[in-house]
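Thank you for sending this model for comment.

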Amino acid sequence: MIPDTKIIGRQKDARSVDGVVGAPALPQEQEALAARLLRDYDAGAFFFASPRRTMLARGVFATVPDAGGTNSLEGLPERVAAVLDASREAAHDIPVAVGAVPFDGKVAAQLVVPMTIQRAGPMVFDASAPSQSPLGSRYTLRPVPEPAAYMQGVAEALKLMQEGPLRKVVLSRSLHVDTAAPVDLRQLLHNLARRNPHGYTFAVDLPPHADAAPGSGRRTLIGASPELLVARSGLQVLANPLAGSAARSPDPVEDQARAARLMTSPKDLHEHAVVIDAVAEALRPFCKTLDVPRGPSLVSTQTMWHLSSRIQGELKDPSITSLTLALAMHPTPAVCGHPTALAHESIGRIEPFHRGYYTGTVGWCDANGDGQWAVTIRCAEADEHTLRLFAGAGIVVGSTPEAELAETEAKFRTMLLAMGLGLNAEVQP
């Protein structure tokens, strides 16, 4: 056992539940179980749904300790592996680490080995069923920074590109939502999953802010990401970076026109190429083979079109874990920029807040090294009466402040629609 690893003890019935014990579950049984896992979610649990799998993890068997010092990400895969080994030695039946990794090492990763994990197939929803609002009727919205200040930041980034080697930087905004009634996280999670069946819906327990009042309630990272950072299954590796975006239109003709323009946009194709080159460069040292598409394809969510590339490879070494791969890629130019160090420095100078877990990664890694990690976007940090939403846009040569502001507004819609709000909701300065 490594120092400071927190092992709470063995729960006799701690086990993975995968449908019907002793036999593969039928599709309808998997659907019913997936729906039950979503209904059973409570604040404090870990929920992660991909297009093929639903996972609910509860309780804490062991915690992954912080590294201390100035960089919480240093040595993180090794610390996770040590905790998983210690859990297995303690006769825990399900040594799997779940949780969230931050944008940078300024805050600690939140990873635990849960007491229990239940798994099911993908969730299926009745599209005709009405959604319920997770908020009460009284709320306020406050943008940070103000739209004018965000556009000024974009202009500053474009100037940096004209004067130096910076090729891309991703600049983000936040919306602070204060509610009179407590936020119904289970309903919000349900709405996110229902509206984003092809994405990665998640909820992760976070510690209270350092300045939070004693006895403050839980803080939860919640969202529905369209982007897979990396998945590992045996020796097979899959990454699916997205870069280059356009807001969708309710008019079918205009919607298709926007998709077509995105596929031929020099600015967006350049932005996508920067990301793909960086992801391939990060994965290549670990892979015996790596298949990188010659050009992007289109994928869509309810609110956005994205340029997408599926990069597939085969590992050289089976000891390389999904988390090792994720951290080798993180942060990609899709959420930070290029060159990475220069883009990170520019973000710290221009953005008026620290991102925390936004644009980090959320997912799981088991003792065999298999796992899935999604990019932490289209998300919010929530506590009992507040939500802090995030959205960002990639700035490259050819960007305009007005267009990048509009892109962030479109990306906010994933969370706003799940909250039962629209972009015309009253925003207070």
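**Notes on the predicted model**

1. The largest cavity has a lining of 23 residues, and those that lie nearest its centre are Ala334, Ile377, Arg378, Gly392 and Lys411. Two or more lining residues come from each of strand S10 (168-179), strand S15 (242-247), strand S24 (386-395) and helix H9 (401-418). The greatest contribution is that of S24, with 5 residues. The space in this largest cavity is about 230 Å³, and its lining divides into 11 nonpolar, 6 polar and 6 charged residues.

2. On the terms used here, a cavity is a set of points, on a 1 Å grid over the protein atoms alone, where a 1.4 Å probe fits but cannot get out, whereas a pocket is an open set with protein on both sides within 12 Å along at least five of seven lines; lining residues have an atom within 4 Å of a point. Grid points are joined across faces, edges and corners, and a volume is the space filled by probe spheres set on the points. For the classes, Ala, Val, Leu, Ile, Met, Phe, Trp, Tyr, Cys and Pro are nonpolar, Asp, Glu, Lys and Arg are charged, and the others, Gly among them, are polar. Helices (H or I, at least four residues) and strands (E, at least two) are DSSP runs, numbered from the N terminus.

3. On the basis of the work, this is a predicted model, in which local features need pLDDT of at least 70 and side-chain atom pairs count only at pLDDT 80 or more, while totals for chains, interfaces and linings use all residues. Residues are numbered from 1 along each chain as its sequence is written, and side-chain values use heavy atoms, with hydrogens and water left out.

4. As to the whole protein, the secondary structure amounts to 9 helices and 24 strands. Of the 429 residues, 53% are buried, where buried means under 20% relative accessible area, exposed over 50%, and partly exposed in between (1.4 Å probe, protein chains only). Taking contact as heavy atoms within 4.5 Å, 75% of the contacts between residues at least 6 apart in sequence join residues at least 24 apart.

5. The largest pocket, with a volume of about 980 Å³, is lined by 40 residues, and Pro51, Tyr200, Leu228, Leu238 and Arg310 lie nearest its centre. Among the strands that each supply at least two lining residues are strand S12 (219-225), strand S13 (228-233) and strand S14 (236-240). The lining of this largest pocket has 12 nonpolar, 18 polar and 10 charged residues.

6. The second largest pocket holds about 530 Å³ of space. It is lined by 30 residues, with Val60, Thr63, Gln110, Val112 and Asp205 nearest its centre, and the lining divides into 18 nonpolar, 5 polar and 7 charged residues.

7. The count of aromatic pairs comes to 5, given that rings of Phe, Tyr and Trp (its six-membered ring) pair if their centres lie within 6.5 Å, and that planes under 30 degrees apart count as stacked, over 60 as edge-to-face and the rest as tilted. The pair of Phe48 and Tyr200 is tilted, because the ring centres are 6.2 Å apart and the planes stand at 35°. Phe48 belongs to strand S3 (residues 46-49) and Tyr200 to strand S11, so this pair ties together parts 152 residues apart in sequence. Both Phe48 and Tyr200 are buried. Tyr358 and Phe390, by contrast, form a stacked pair, at 4.9 Å centre to centre with 10° between the planes. Tyr358 lies in the loop between helix H8 (340-350) and S21, and Phe390 in strand S24, 32 residues apart.

8. Finally, Thr220, in strand S12, counts as buried because its relative accessibility is 1%. Leaving aside residues up to four places away in sequence, Thr220 touches Tyr41, Leu185, Ala203, Val204, Leu206, Ala380, Glu381 and Ala382.
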